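These are my notebook entries on one structure, written down in the order in which I looked things up.

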Amino acid sequence: MLINWHEPEHVYLVCGKTDLRKGIDGLAIVIAENYGLELYNDSLFLFCGSRNDRFKGLYWDGEGFILLCKRFENGRLKWPRHRHDAQKLTSQQIDWLLEGLDPLPERQIKAAPMGSFY
C-alpha cells in the first residue's frame with residue numbers, strides 16, 4: 001500500500017486546507033465529523049495544508065491506521081482550494097494529482113440552454 005496509490009478501493013481527496021499538524025486521531029475526527037465517510041472500508045484519505053508541496057494520507061489497513069506524508073522536492077500539487085468537500089478520485093485523477101495537474105478541473109464549456117438554435 002505504501003507504494004501503490006491505486007490499491008485502496010476508495011481514495012478521497014479532502015478539498016480546501018487541512019491543518020497538517022494533526023495526527024491520526026485529529027484527521028480521523030475531521031473525516032468522521034465533517035464528511036460522514038466510513039474510515040474502515042479500505043479508504044485512503046488525502047489532506048493538504050497551506051503549502052502545495054506536501055500532503056498527508058490516512059489509511060486503515062485492517063489492523064490500525066497508517067499516516068502517510070509525501071513531500072515533493074521538485075514540484076507542487078494542484079489542490080482544489082475553492083471547495084470544502086471530500087471527493088472520491090478515480091485512478092486517472094490520482095495520477096493527475098501526483099503529476100501536478102488539477103484532479104478536479106472545472107468545466108470550461110457550459111451546456112447551451114435548450115431551444116437556442118439558429
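**Entry: the cores.** I looked up the largest nonpolar core and found that it has 17 residues, and that those with the most contacts inside it are Leu46, Phe55 and Trp79. A nonpolar core here is a set of buried Ala, Val, Leu, Ile, Met, Phe, Trp, Tyr and Cys residues joined through side-chain atoms within 4.5 Å. Buried means under 20% relative accessible area, exposed means over 50%, and partly exposed lies in between, with a 1.4 Å probe and protein chains only. At least two residues of this core come from each of strand 1 (10-14), strand 2 (43-47), strand 3 (54-60) and helix 2 (91-98). I note that helices (H or I, at least four residues) and strands (E, at least two) are DSSP runs, numbered from the N terminus.

A second, separate core has 12 residues, including Ala28, Ile31, Leu58 and Ala86.

**Entry: what I am looking at.** The model is predicted, with local features needing pLDDT of at least 70 and side-chain atom pairs counting only at pLDDT 80 or more, while totals for chains, interfaces and linings use all residues. Residues are numbered from 1 along each chain as its sequence is written, and side-chain values use heavy atoms, with hydrogens and water left out.

**Entry: Phe55.** Which residues does Phe55 touch, not counting residues up to four places away in sequence? I listed Trp5, Leu20, Leu46, Phe47, Cys48, Leu68, Cys69, Lys70, Phe72, Leu77, Trp79 and Leu98, where contact means heavy atoms within 4.5 Å.

Entry: Five strands form an open sheet in the order 4-3-2-1-5, and the pairing is mixed; two strands pair if DSSP finds at least two bridges between them. Strand 4 (65-71) and strand 5 (86-88) are the edge strands, since each pairs on one side only. From one strand to the next, the twist averages 25°, an angle taken between N-to-C directions on a scale from 0 to 180 degrees, with axes that are lines fitted to C-alpha atoms, for helices over the stretch in contact.

I then went through the pairings:

- Strand 1 and strand 5 pair in the antiparallel sense over three bridges, and Tyr12 has Lys88 in strand 5 as its bridge partner.
- Strand 2 and strand 3 are antiparallel over four bridges and form a hairpin with six residues between them; Leu44 stands opposite Tyr59 in strand 3.
- Strand 3 and strand 4 run antiparallel and are joined by seven bridges, and in their hairpin, which has four residues between the strands, Gly62 takes a positive phi near 105°.

Strand 3 is largely enclosed by the rest of the structure, because five of its seven residues are buried.

**Entry: aromatic pairs.** How many aromatic pairs does a search of the whole structure find? It finds seven, and the rule is that rings of Phe, Tyr and Trp (its six-membered ring) pair if their centres lie within 6.5 Å, with planes under 30 degrees apart counting as stacked, over 60 as edge-to-face and the rest as tilted. Tyr12 and Phe45 form a stacked pair, with 5.4 Å centre to centre and 15° between the planes. Tyr12 lies in strand 1 and Phe45 in strand 2, so the pair ties together parts that are 33 residues apart in sequence. Tyr12 and Phe45 are buried.

The rings of Trp60 and Phe65 have centres 5.0 Å apart and planes at 70°, so this pair is edge-to-face. Phe65, in strand 4, is also the bridge partner of Trp60. Trp60 is partly exposed at 22% relative accessible area, and Phe65 counts as partly exposed at 23%. I also noted a cluster in which ring pairs link Trp5, Phe55, Phe72 and Trp79.

**Entry: two loop residues.** Is Asp53, with its relative accessible area of 8%, buried or exposed? Asp53 is buried, although its place is in the loop between strand 2 and strand 3. The side chain of Asp53 makes polar contacts with the side chains of Arg51 (3.3 Å) and Arg54 (3.0 Å). A polar contact is a pair of N or O atoms within 3.5 Å; within protein, one must be able to donate a hydrogen and the other to accept it, and residues adjacent in sequence count only if both atoms are side-chain atoms.

Glu63 is in the loop between strand 3 and strand 4 and is exposed, with a relative accessible area of 76%.
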